[in-house]
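Dear colleague,

I am handing over the structure that we spoke about, and below it I set out what was found. Please read the notes with the model open beside them.

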Amino acid sequence: HLWRNWDGDYLYLYQGYWCPSMSIQGIISFQCHFQAHDTDLILITPPKSGTTWLKALAFAIANRTHYPLTESPLLTSNPHPLVPFLEFDIYLTNPFPNPENIHSPRIFSTHTPYALLPSSIKESTCRIVYLCSNPLDRLVSHWLFTNKLWPETVEAISLDQHVDMFCGGLTGYGPLWDHVMGYWKASKEKPKKVLFLQYEDMKVDIVSQLKTLAHFMGFPFPLEEERQGMIEEIASLCSFNNLKDLEVNKTGKLRTGHQNDIFFRKGEVGDWANYLTPAMAERMEKIMEEKMDGSGFTFKRFI
Ligand code: A3P
């Protein structure tokens, strides 16, 4: 099956999920060859759900004893190269990479759905942090992101068409409801293995979410650090306004040639209301409700 994605790429139905053609080889190699270490941390998100933020926070937490925050690599590097994507950065161009030499804990990220994860991730004691965000904001965020990246291919596809595609399950690594439900159920069944976070909760109370994250990662904040304001300092280092204004993120580029600034747009909850009509929003919400009925999970479209 082949569908045109909104970014001019194609989506292939692979093992029940619409995977972008540009990452499919990477996903397959990652599935077949990745050997998880018990100490690994895997950050998992649907696209445009706050991946950049989560990468920054997890990196800052795990490395705070290696570098004082004032000398953090996050000040001179975009978070993406610091926490590589398994299907893009590690496995896409080389099916047999050697990610063994990275110091522990290795922190990787991926958009791969739970059902498609390699068995070594599920069987080892490595941990998974999943972050999702309300689909209305994500749809708008992705649309504007691809508009910026590929202006010539995106113009032809309207927001209405994107909503149609979403409701048919056609988003990168979607259907989104299956992506979210896979990790939601895993987090209920194995709470020590999978931490399930929502972007909106992080926007409301980053301090308590940071404590939860650090504890889950095995790097809790001792009382002394809390008293010294370490949690607030990490929150501030990784905040949207701080990262967005760093020179590296204003003018730098990724290995792929993409400008770092494309990862920082607005960083707010509820901006969807400036783009989607009430009818579009209702349609998307109705389908999400139907698909996730009885799970106990709900998205937060405003805070
Ligand atoms: P908006 O387009 O709604 O502004 P991802 O990192 O998965 O690509 O997600 C991108 C979204 O996260 C964008 O949302 C972006 O602005 C927002 N974002 C990036 N860095 C952030 C940060 N430090 N804090 C909060 N949101 C952030």
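Is the crossing of H2 and H11 left-handed or right-handed? The crossing of these two helices is right-handed, where a crossing counts as left-handed if the near helix is turned anticlockwise from the far one by less than a right angle, and as right-handed if clockwise. Before going further, please note that this is a predicted model, in which local features need pLDDT of at least 70 and side-chain atom pairs count only at pLDDT 80 or more, whereas totals for chains, interfaces and linings use all residues. Residues are numbered from 1 along each chain as its sequence is written.

Helices (H or I, at least four residues) and strands (E, at least two) are DSSP runs, numbered from the N terminus. H2 and H11 pack at an angle of about 60 degrees, with their axes 10 Å apart; axes are lines fitted to C-alpha atoms, for helices over the stretch in contact, and angles run from 0 to 180 degrees between N-to-C directions. The two helices are therefore oblique to each other, given that angles under 35 degrees count as roughly parallel, over 145 as roughly antiparallel, 65 to 115 as roughly perpendicular and the rest as oblique. In their contact (C-beta atoms, placed from the backbone, within 7 Å), Leu57, Ala58, Ile61 and Ala62 of H2 meet Leu210, Leu213, Ala214 and Met217 of H11. By class, this contact has eight nonpolar, no polar and no charged residues, with Ala, Val, Leu, Ile, Met, Phe, Trp, Tyr, Cys and Pro counted as nonpolar, Asp, Glu, Lys and Arg as charged, and the others, Gly among them, as polar.

Turning to the sheet, four strands form an open one in the order E5-E4-E6-E7, with parallel pairing; two strands pair if DSSP finds at least two bridges between them. At the edges lie E5 (107–110) and E7 (194–198), each of which pairs on one side only, and the twist averages 20 degrees from one strand to the next. E4 (residues 41–44) and E6 (residues 127–132) are joined by four bridges, and Leu41 stands opposite Arg127 in E6. H9 (residues 176–189) packs on the sheet, touching E4, E6 and E7, and its direction makes about 125 degrees with that of E7. H11 (residues 206–217) also packs there, touching E4, E6 and E7, with its direction at about 155 degrees to that of E6.

Finally, H2 (51–62) is one of the helices that supply at least two residues of the shell around the ligand.

Conventions: Contact = placed C-beta atoms within 7 Å.
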